[in-house]
Structures are given as structure tokens and as C-alpha cells.
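Colleague: Could you walk me through this one? I'd like to learn how to read its features as we go.

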Amino acid sequence: MTALPEGIEPEVPVPGYPNTWTHTPAQPLLPRPAGRTEMAGPVRLHRKLVPGAVNLAEATPGRPAIGQLMQIGGRILDEAGRPVAGAVVELWQANAAGRYAHANDGSAAPLDPNFTGHGRALTDEDGRYAFTTIKPGAYAVPVQETWWRPPHLHFSVHGPSCLSRLVTQMYFPGEPLNALDRILNAIPDGAARSRMIARFLPPPSVGDFFLGFTHDIVLRGRHATPEA
Amino acid sequence: MFPTSQQTIGPFFPAEFFGPADHDLTRVSAEAAPTRRGEAILLRGRVTRQGGLPCVNAVLELWQADAAGRFAGDADADPDFLFWGRARTDGDGRYAFRTVLPGRFADQLGPRASHANVTLLGSGLMRRVLTTLFFPRAAEELAADPVLALVPSGRRPLLLADPAGEEDGLRVFRFDIRLRGTDETPFFAV
């Protein structure tokens with residue numbers, strides 16, 4: 001397995017995010033070569049993680065969620081740039097007011113009964129995924145020295161092996177809060193950070209009713225398959 | 001191309017993403033009958049952080065060989081085994097999986113003892129962590145395992161799952177994960 005270039009993975013602990021102090025192992029990680037068990041993964045995982053709604057903005061027809069309608073789509077790729085077909089892609093996000101429909105979110109911002117904020121898709125032969133949703137709001141992180149999370153989407157992607165498993169977040173271009181976000185800026189490398197920001201699509205390509213964004217996600221692992 | 005950077009799963013991973021059989025590796029779908037190959041077992045444990053406090057709503061993903069030591073994609077792999085499962089911790093940091101006792105196998109690294117791999121994701125964990133637990137076996141089998149050998153000898157017992165009785169006629173094994181602090185679980189970088 002080739003080592004990752006420096007600066008791509010987040011540095012911990014993250015200032016202002018106390019959980020990163022108490023949850024991150026203090027001992028160094030033990031380097032380990034990749035054998036069969038490291039390269040293994042489930043086949044046809046969508047039998048268990050069943051693809052569901054990809055239109056989060058109007059889960060019930062006739063009852064649209066509040067917020068700016070947007071389309072988000074892109075491709076899941078491997079490190080060689082090849083599409084990953086059949087990848088399970090899970091998306092979750094806050095509503096337009098910056099509130100998650102989750103028991104752990106104690107924010108006073110209102111819930112939107114028409115927005116559950118999660119969906120699951122399966123990539124096609126070209127590695128493509130697509131969701132229709134609304135642009136999430138920013139929200140304050142409830143810690144002593146409050147800071148604001150910029151609008152962002154959470155992605156969980158299951159690729160061909162457990163090594164390619166990725167959980168990440170996607171940000172929006174031109175958001176002033178991006179420069180202040182402690183989680184985005186835990187990634188030391190500026191180029192890596194900019195790859196986490198979606199690209200805005202010009203209105204003619206998405207129609208008049210939606211903001212359009214495109215975002216490709218690159219998974220580790222497949223090129224590292226050991227020679228037989 | 002460079003891989004996309006990891007970010008924390010955060011505290012709001014939707015509860016709706018967990019199906020009734022996601023923690024059950026012995027079924028390929030929620031409706032499927034469990035595999036009849038191998039010995040079905042339960043794996044239980046608790047996830048804690050600094051100070052021994054529970055990690056709540058953490059996500060664990062388990063993957064392993066089938067009862068004969070084969071993996072998905074092998075010609076003779078168990079077609080009724082999913083090789084992967086997902087669970088989340090409750091308010092006390094506890095998790096549970098149903099799986100089969102994995103078989104041993106050999107690969108380019110050497111003879112692998114009966115083991116299962118866990119990836120843990122949670123609020124505050126900016127990168128997922130990976131560990132491997134070993135089921136009780138003869139000392140020689142464990143001593144020959146090339147991955148267990150990478151762990152300093154004093155910390156190896158932390159990777160052993162302990163027999164913990166029986167439940168519904170299945171043997172139960174216990175494996176606790178301590179993210180940081182006293183008896184911190186050894187984690188790997190692949």
C-alpha cells in the first residue's frame with residue numbers, strides 16, 4: 001500500500017472540538033501490510049444497505065421541504081480515476097435552518113416535518129450518484145467558544161473493499177464560513193481542502209428550479225490489490 | 001488521483017440508516033435466512049474513551065472471513081454470508097454483532113489466526129480507526145499470526161476476544177474497545 005502524501009488526512013486534536021482530544025488514540029497506529037483480510041469487502045452490499053430516497057427535498061409528493069432546492073451529483077472514483085460502480089453512497093445533512101432531524105441535535109432551530117435529511121443511492125456503471133435536496137443551513141457548534149459550521153453535506157461511501165471505506169463531508173463554494181471551519185481546516189493541505197468543495201454548475205445545465213453542484217469522491221484501495 | 005480526505009462522522013449519523021439485520025453478518029439481507037455453515041456466535045462489547053466514559057452513537061463496522069476462512073469473491077465462499085456488518089453503540093457504549101466464528105487461512109503475510117476486523121467511526125474521531133480482534137485459539141496459532149506479531153507483546157492481550165457465556169444457545173465473545181487512555185486498544189494503519 002502506498003503511503004498517502006502528507007496533509008490529506010485531518011490532523012488531531014482539533015482546537016475548539018474537545019471530543020477530538022478524548023476520542024483519539026494516544027498511542028501511535030501500528031503500520032500493517034495489506035493481505036487478504038485488509039483487501040476484503042462485501043459483495044452486493046445493497047442487499048443489506050438498501051438504496052432509498054434520492055429526492056430528499058420532496059420525500060412525500062406535494063409536500064416540499066423548506067429551503068433552496070439543489071441537485072448534487074458526481075462520480076465515485078478510485079485512485080486511478082476509474083469509476084466505482086455499485087458503490088453504496090449515504091448522504092445526510094441539516095435542514096435549511098441548520099438543524100438535523102436527529103435525537104442528538106439539541107439546537108433550538110426548527111425542524112422541518114417535510115425534511116428527514118438523509119438518503120442512500122447506488123452508483124451506476126459510470127460511478128455516478130445523484131440526489132435532489134435543499135441547501136443546508138449553517139449552525140453553531142455548542143461548545144464553550146462557539147464556532148460555526150458552514151453549510152455542508154455528510155457522505156458515507158462503501159467501495160469495493162473495506163480499505164476503500166470513506167466517511168467525509170462536502171462543502172459549498174464561496175461560503176465565508178469555510179475559512180473558519182475547524183473541521184474542514186483540520187486538513188492541512190490546501191489542495192486537499194479545495195477538493196472537498198463542490199463545484200457550482202451554471203443554471204443552463206440544471207434548469208431554473210435548482211441550484212446545481214457537482215462533486216466527485218475518490219476512494220482508496222483498489223489499485224493496492226495484491227498481485228495474485 | 002489523491003483520495004478524498006476523511007472527516008468525522010459526527011454525532012448525527014441517521015438512526016434510519018440502521019436496518020434490523022445490519023449487525024447480523026450471517027444474513028445477506030434483512031429477509032434472508034441465516035447461513036447454515038459454521039458456528040453462529042454473538043460478539044458483544046463496549047466502546048469507551050478517555051476516562052472510561054462510554055462512546056454513545058458510535059458506528060462499528062465488522063468484516064471477516066467466513067467459517068471456512070474464505071472471503072467474498074472466492075469461488076467457494078459461503079454465498080449466504082455477507083462478510084460485513086454494521087452496528088451502533090447504545091447510551092452505555094455497548095454494541096452487538098451476530099456472526100460466525102471465522103476460519104483460519106493463509107495469505108501472502110502468513111498463517112492468519114481466527115480474527116475479525118473492526119472499523120470504528122464516531123463523533124470526535126476525525127479519521128476512522130481500525131483494529132482486529134482474535135478469537136481464543138491454541139497459543140501456537142496466535143503466536144504464528146503475522147498481524148498479532150506486529151503488536152508489542154504486552155499489548156497483545158488487548159486484542160483477544162474473551163468467552164462470555166452463552167445466549168440463546170450461541171457462544172458469546174466479548175471485545176471492548178478503549179479509544180484512549182488506560183489499556184488503550186491497539187489500532188492499525190493500513
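**Reading the model**

Modeller: Let's start with residues 72–100 of chain A, where the chain is 0% helix and 45% strand and the end C-alpha atoms are 19 Å apart. Helices (H or I, at least four residues) and strands (E, at least two) are DSSP runs, numbered from the N terminus. UniProt, in an unreviewed entry, places the feature "domain: Intradiol ring-cleavage dioxygenases" at residues 72–100 of chain A. UniProt positions are given in the numbering used here, feature names are shortened, and annotations may be inferred rather than shown by experiment.

Colleague: And the ground rules?

Modeller: This is a predicted model: local features need pLDDT of at least 70, side-chain atom pairs count only at pLDDT 80 or more, and totals for chains, interfaces and linings use all residues. Residues are numbered from 1 along each chain as its sequence is written, while chains are lettered from A and ligands numbered from 1 in the order in which they are written.

Colleague: What is the strand order in the open sheet of chain A?

Modeller: First the general idea: two strands pair if DSSP finds at least two bridges between them. Here the order is S4-S3-S8-S9 in chain A, an open sheet of 4 strands with antiparallel pairing. Strand S4 (118–122) and strand S9 (166–171) of chain A each have a single partner strand, so one side of each has no neighbour in the sheet. From one strand to the next, the twist averages 20°; axes are lines fitted to C-alpha atoms, for helices over the stretch in contact, and angles run from 0 to 180 degrees between N-to-C directions.

Colleague: How many bridges join S3 to S8 in chain A?

Modeller: There are 6, between residues 88–93 and residues 152–158, running antiparallel. Within S8(A), A:His154 is the bridge partner of A:Trp92.

Colleague: How many residues of chain A are in contact with chain B?

Modeller: A contact means C-beta atoms, placed from the backbone, within 7 Å. By that rule, 62 residues of chain A are in contact with 59 residues of chain B. Elements giving two or more residues to the chain A side include helix H1 (19–23), helix H2 (36–39) and strand S12 (217–219) of chain A. There's also strand pairing between the chains: S1(A) and strand S12 (residues 188–189) of chain B pair in the parallel sense over 2 bridges, with A:Leu30 opposite B:Phe188.

Colleague: Which backbone angles deserve a look?

Modeller: B:Asn57, in the loop between S1 and S2 of chain B, has phi near 60°, a positive value in a residue other than glycine. B:Asn57 is buried, with 21 other C-beta atoms within 10 Å. A:Arg44 has phi near 50° but is partly exposed, with 13 other C-beta atoms within 10 Å. For omega, a cis peptide bond joins A:Val12 and A:Pro13, at about -5°.

Note on methods:
Two residues are in contact if their C-beta atoms, placed from the backbone, lie within 7 Å. A residue is buried if 20 or more other C-beta atoms lie within 10 Å of its own, exposed if 12 or fewer, and partly exposed in between; C-beta atoms are placed from the backbone.
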